[in-house]
Amino acid sequence: MRIETLAVHAGHTIDPATGAVSSPIHLSTTFERDIEGTYSRGFMYTRNNNPNRQALEQGISALEGGAGAAAFASGTGASMSIFQTLVPGDHVLAHVDAYYGTSRLLREIFRRWGLDISFVDMSDLSAVEKALQSKTKLAWMETPSNPLLKIVDLAAVAKIVHGTDAICVCDNTWAPTLQRPFDLGADLILHSTTKYFGGHCDVLGGIVVAKTESDFFKRIKSIQYEGGAVPSPFDCWLILRGMRTLPWRMRAHSENAMKVADFLSGHSKVARVHYPGLKLHP
Ligand SMILES: Cc1ncc(COP(=O)(O)O)c(C=O)c1O
């Protein structure tokens, strides 16, 4: 399927009870047991799983070509779950221009919890090589990065990092559908779905997508339902609704941004323009 078709159909089912083509929002926190006491319909309690969250996770996972996903109440909640899978003494290599909230999370919360963290400019491959340690367990890339729109060569960094035990995470918040990090070697993808997936400034959300059903991802899933930072069924419904038009909106965003960047680059009062579409962008 082309990405536009996938965005429309992924995570979509016809409601078997009514035939509704737009899925109902399942607000129920609790689900009925079978007569034997089991839950054959797959749902027990909404913190563990919910039909709308499952549809969102299946939808975004299919869009990114992953094996599964875990949705959270914000992008930061999703990032947090990734760092929470690590143990004191583990080393994290993070891109220096990662979203300031992610750097702050690492500096102010996870350093206190015993993670050893180095920030490097991941557009410099020799700096990545130098910063890797025997205890490096995770490399955090973000490309294009927020705020400077720096570009990291995902495939090259992944190749270096995969020479060790560490896994590669790509925060793909700013390039959904334009860039597919699993094809370039990422093991996990993070999205703040608050941005382009939601698309209408009315919902906060985050998701971790896994390339394979690894033990690392199983720990993230357990942090999701045991930690409880899950999105509401309505938020999941809104984000999945946003995804239906995502490829078209990304095209429009890119065309508009290109025009703004071109205009600003020719402006006498503008010293520098950061936009990867510009010919002079590194
Ligand atoms: C690249 C990136 N990652 C993560 C986040 C955090 O997402 P949220 O605001 O949904 O917690 C943001 C927010 O701006 C972001 O720009």
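Predicted model: local features only at pLDDT ≥ 70, side-chain atom pairs only at ≥ 80, totals over all residues.
**Whole chain**

Start with everything shown as a cartoon. The protein chain has nine helices and seven strands. Its radius of gyration is 20 Å, close to the 19 Å that the globule rule gives for 282 residues, so the chain is as compact as a globular protein of that length. Along the principal axes, the C-alpha atoms fill a box of roughly 70 × 45 × 30 Å. Of the 282 residues, 47% count as buried. Among contacts with a separation of 6 or more, 67% are between residues 24 or more positions apart.

**The nonpolar cores**

Hide the surface and select I60 and M122. These two have the most contacts inside the largest nonpolar core, which has 42 residues. Next colour residues 233–243, helix α8, which gives the most to this core, with six residues.

Stay with M122 and show its surroundings. Leaving aside residues up to four places away in sequence, M122 touches L93, A94, H95, V128, A139, W140, M141, V152 and V157. Then select F83, L86, V92 and I167, which are among the 25 residues of a second, separate core.

**Helix α3**

Select residues 75–84. Is this helix enclosed or open? Helix α3 is largely enclosed by the rest of the structure, because seven of its 10 residues are buried. To see which, pick G75, G77, A78, S79, S81, I82 and F83.

**Aromatic rings**

A search of the whole structure finds seven aromatic pairs.

For one of them, go to F31 and F43, whose rings form a tilted pair, 5.6 Å centre to centre with 40° between the planes. Both residues are in the loop between α1 (3–9) and α2 (51–64), 12 residues apart.

**Last stop**

Finish at W248 and R251. R251 lies over the face of W248, at 4.6 Å from the ring centre.

Technical notes
Residues numbered from 1 in each chain as written. Heavy atoms only, no water. Core = buried A, V, L, I, M, F, W, Y, C linked by side-chain atoms within 4.5 Å. Buried < 20%, exposed > 50% of the residue type's maximum accessible area, 1.4 Å probe, protein only. Helix = DSSP H or I, 4+ residues; strand = E, 2+ residues; numbered from the N terminus. Contact = heavy atoms within 4.5 Å. Phe/Tyr/Trp six-rings, centres within 6.5 Å; stacked < 30°, edge-to-face > 60°. Lys NZ or Arg CZ within 6 Å of the ring centre and 35° of its normal. Rg over C-alpha atoms; globule rule 2.2 N^0.38 Å.
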